[in-house]
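Subject: Handover of a structure, with notes

Dear colleague,

Please find below the structure that I am handing over to you. My notes on it come directly after.

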Amino acid sequence: MDTTFHTLPSATSLSASVLTFLDDKLCRRDQLERASDISSELEIRCGDLDRSLLDLNHRLQDGFVAYTSYSDRIGSLFGHINSGLTDLRLSSRISGLPSDGREGLERSEKVLGEELPSLAKKVARVETVRKYAETALKLDTLVGDIEDAVSSTVSRNLRKCPGHNSEDTRLLAIRALKLTEDVLASVMKTHPQWACLVLAVDHRVDRALAILRPQAIADHRALLASLGWPPRLSTLNSSDSDPRKPTEVQNPLFTMQGDLKQQYGENFIALCSLQELQRRRKSRQLEGHNREVALHQPLWAIEELVNPIAIASQHHFSKWVDKPEFVFALVYKITRDYVDSMDELLQPLVDEAMLSGYSCREEWISSMVSSLSTYLAKEIFPIYVGQLEEGSIPGVPSQGRISWLHLVDLMITFDKRVQSLVAQSGIMSSLQDGNLQKISSLSVFCDRPYWLDLWAQMELTDVLDKLKPEMEDERSWSTKVEGGVLSGPEDYKSPAISNAFLRRLSAVVDRSRSLPTISLRSRFVQLAGIPFVQKFLDYLLLRCLEAEGLTALTDDNALMKVAKSINAARYCQSVLKEWCEDIFFLEMGLNHGDQLGISATESDFTGEPVEGPSTGIFDKEIWFLEAFMTEWVEKLSTVVFRGFDAHCRDYMKNKKQWQEKGEEGWTVSKHFIAALDYLQGKMSVLEEGLNGVDFVGVWRSLAIALDRWLFNGILVSNIKFHDRGVERLSSDLAVLFGVFGAWCLRPEGFFPKVSEGLKLLKLGEKQLGNSFTGGERWLKENGIRHLTVNEAEKIVKNRVYIK
């Protein structure tokens, strides 16, 4: 039996990869027995490579055939053009001969008018076809390169031979993808009519990306796993550790060394480049549409860092369903411990990949917050909603409500701490642009408005429960507000209850500030803040109605009760006006009355707010407060006027007094003095208890009523005035004006009809003479501007002159 011996080549003639392969496969004696198996495996691989090479040759041959077809078509078109140009040149020569005459001229005109434009169109069409063919061929080549690279990457991964070669092949595919995208973008700008070509290429590229992206992500995950990511969380959840001594956390991103670090960087850059390419494609495909939502997607590489941590955290979270503060503490600690590595290690890689508009710090924070929000929405909130739906004892806060409000407190605190981490980057892009949704755990309410409604209702119930005992405590109505929050010098004499109300309302508004969008803030304030203002106004109205029902406001205590309610309303209205000038409330005011469909509660006052553009979210409530104050200021004035009228009944009935001399020792009518004493007493009480703005409204309204009452009851009531009666009336009115003189410099100006009527009575008989022949002109010349001619005639006719 013949035995053939094969001599191995020398080691120097073998490549490094072959030597590595042999060292791995034949390093031990027992492995030499499996040499035949290794030989079979190598033959199978060589067969696969041969088939791949044969497939590539076939595809290359098909490409050459297609190119030859395009070349033949273009050559045929150019042949037609050459023949056309030859015919044109011959026809031009023939038409130039002298013997042609008219026939040659017509032929020339036909050539210039018909054949030449037609030929130009054919030339342009041929040029377009040439460009189309070149572009189609170029795109076909590029897409072929992409598909080859993708196929090669997949083959290597199926054979479980990952490495630098696989990464290089992926980079080649990404480079070809970028070139393809450049060509497609150019085609869309210069030749939009080639949409079918673009769609065909997009379809093939999408199929390639559907394979390339998952494979790239899978390789990235495998690389992260080899790095030891995610890190162990057991050191992050120690409840008995000293918070002043931060736990040392081993960061695998910082411990990478050598080839592993280089491999991770290349893989990270490839993934970022792939995302940038995807964003460019979406930008081109969504041209003319709202592209903002589709263009800015979370950074894929950062998501791959967060997802394993989120999965690992679920084990700890499941133990803390009743202790959500531990959940927030753990998420914040992880976020804070690794945020520096995002800036130092990963941000330069993102910049190298030319992925603009991304901050690794913000993407890391937003991804961690997003994972927390997802957990809260799926695991925590449904439990609390179920607790709310269970029956509870009336008047006693349910456990579900207490847990819900505690959870929201934790979310607000967590968001503030997270925003401070974002602010440390110095960019503040998320905060300045108002795009707080991606770094706010309260974003769970964005897609679940029902939960926001529940929260707002609980906040409303909570602040009402806290304010109710203070409203029922009379000491809150007896003491005044110390200091104030207003910038003006006005003293509204407001009771302490108004400060308590504003403090509670401010707490509700501050809760809304943490919400990530303006629409959510507006809805929250409409559901919790506005009803709170309305409830407070209803309570003020109830106090006033109780005072009116018990004593008809004839008692000084009842007057003070109404006055304090008016003061509280005036102070609260002033504060709300100042609030509505802030940009925070102006933004919410623009959203007020939008698609939420929330209508204002029916008012207990007559009338409706004046229609007009809304400038603040509390505009309607400010109007209701104004209507309340106007109504009750008018009632106070009416009550004082009625009391004055009751004290003046004898005075008004005694019509003979205007023809008689006054009582000895009295410069003012005795019955009028009692009425003035009542008037001064009530006005002193109101001046002491009512704020300055509304007190002015009371005495001015009272002056108008008294002016009308005295004028109709005395001056134009067919009473005869003698000289002594005019003197008595003048003395009485002087005292009345003196009472009002404490609040203005010219009190008679607020009694225009009575003052001008008395002025007519004081005129001499000669002055009156034929006074009314001049009518209104005579009245104006004598300073009578508030009386009509008929009223003046009635007064003058009642004047009796005794000779």
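The notes that follow begin with the whole chain and then turn to particular places in it.

**The chain as a whole**

Please bear in mind that this is a predicted model. The protein chain has 29 helices and 0 strands. Of its 803 residues, 41% are buried. Among contacts with a separation of 6 or more, 78% are made by residues 24 or more positions apart.

As for cysteines, the count of disulfides is 0. C196 is exposed, with a relative accessible area of 65%, whereas C544 is buried at 0%.

**The nonpolar core**

In soluble globular proteins, nonpolar side chains tend to be buried together. The largest nonpolar core here contains 207 residues. Within that core, W364, F445, F618, L679 and F740 touch the most other members. Leaving aside residues up to four places away in sequence, L679 touches V640, F644, L702, L706, L736, V739 and F740.

F585 sits in helix α20, which covers residues 583-591. Its relative accessibility is 3%, so F585 counts as buried. Beyond residues up to four places away in sequence, F585 touches V509, R513, W579, C580, G616, I617 and F618. F585 also lies 9.5 Å from R521, C-alpha to C-alpha, although 64 residues separate the two in sequence.

**Helix α29**

Helix α29 spans residues 789-797, and V789, A792, I795 and V796 are buried in it. Viewed down the axis of α29, these buried residues fall within an arc of 125 degrees, and therefore they line one face of the helix. N790 and K797, on the other side of α29, are exposed. An α-helix has 3.6 residues a turn, so residues three or four places apart point the same way.

Against which helices do the buried residues of α29 pack? Their partners are α24 (692-715), α26 (752-762), α27 (765-768) and α28 (776-781).

**A network of salt bridges**

Side chains of opposite charge can pair when their charged atoms come close. The structure holds 35 salt bridges. Some of them form a network that links E181, D202, D206, R281 and R284.

One bridge in this part of the chain joins the side chains of R284 and E181, with 2.6 Å from N to O. R284 belongs to helix α8 (residues 258-285) and E181 to helix α5 (residues 164-190), so this pair ties together parts that are 103 residues apart in sequence. R284 is buried, with a relative accessibility of 12%, and E181 is buried at 2%.

R281 forms a salt bridge with D202, and the closest N and O atoms of that pair are 3.2 Å apart. This pair links distant parts of the chain, for R281 is in helix α8 and D202 is in helix α6 (residues 195-227), 79 residues apart. Both R281 and D202 are buried.

D202 also meets R284 in a salt bridge, with 2.9 Å from N to O. Since R284 lies in helix α8 and D202 in helix α6, the pair ties together parts that are 82 residues apart in sequence. The relative accessible area of D202 is 6%.

**Backbone details in the loops**

Most residues other than glycine have a negative phi, and most peptide bonds are trans.

- The peptide bond from W229 to P230 is cis, with omega near 10 degrees. P230 is found in the loop between α6 and α7 (252-255).
- M354 is not a glycine, and its phi has a positive value, near 60 degrees. M354 lies in the loop between α11 (324-352) and α12 (360-389). At 65% relative accessibility, M354 counts as exposed.
- A552, which is not a glycine either, has a positive phi of about 55 degrees. A552 is in the loop between α18 (518-551) and α19 (556-580). With a relative accessible area of 47%, A552 is partly exposed.

With kind regards

Terms used. Residues are numbered from 1 along each chain as its sequence is written. This is a predicted model: local features need pLDDT of at least 70, side-chain atom pairs count only at pLDDT 80 or more; totals for chains, interfaces and linings use all residues. Side-chain values use heavy atoms; hydrogens and water are left out. Helices (H or I, at least four residues) and strands (E, at least two) are DSSP runs, numbered from the N terminus. Buried means under 20% relative accessible area, exposed over 50%, partly exposed in between (1.4 Å probe, protein chains only). Contact means heavy atoms within 4.5 Å. The arc is that of the directions from the helix axis to the C-beta atoms. A disulfide is a pair of cysteine sulfur atoms within 2.5 Å. A nonpolar core is a set of buried Ala, Val, Leu, Ile, Met, Phe, Trp, Tyr and Cys residues joined through side-chain atoms within 4.5 Å. A salt bridge is a side-chain nitrogen of Lys or Arg within 4 Å of a carboxyl oxygen of Asp or Glu.
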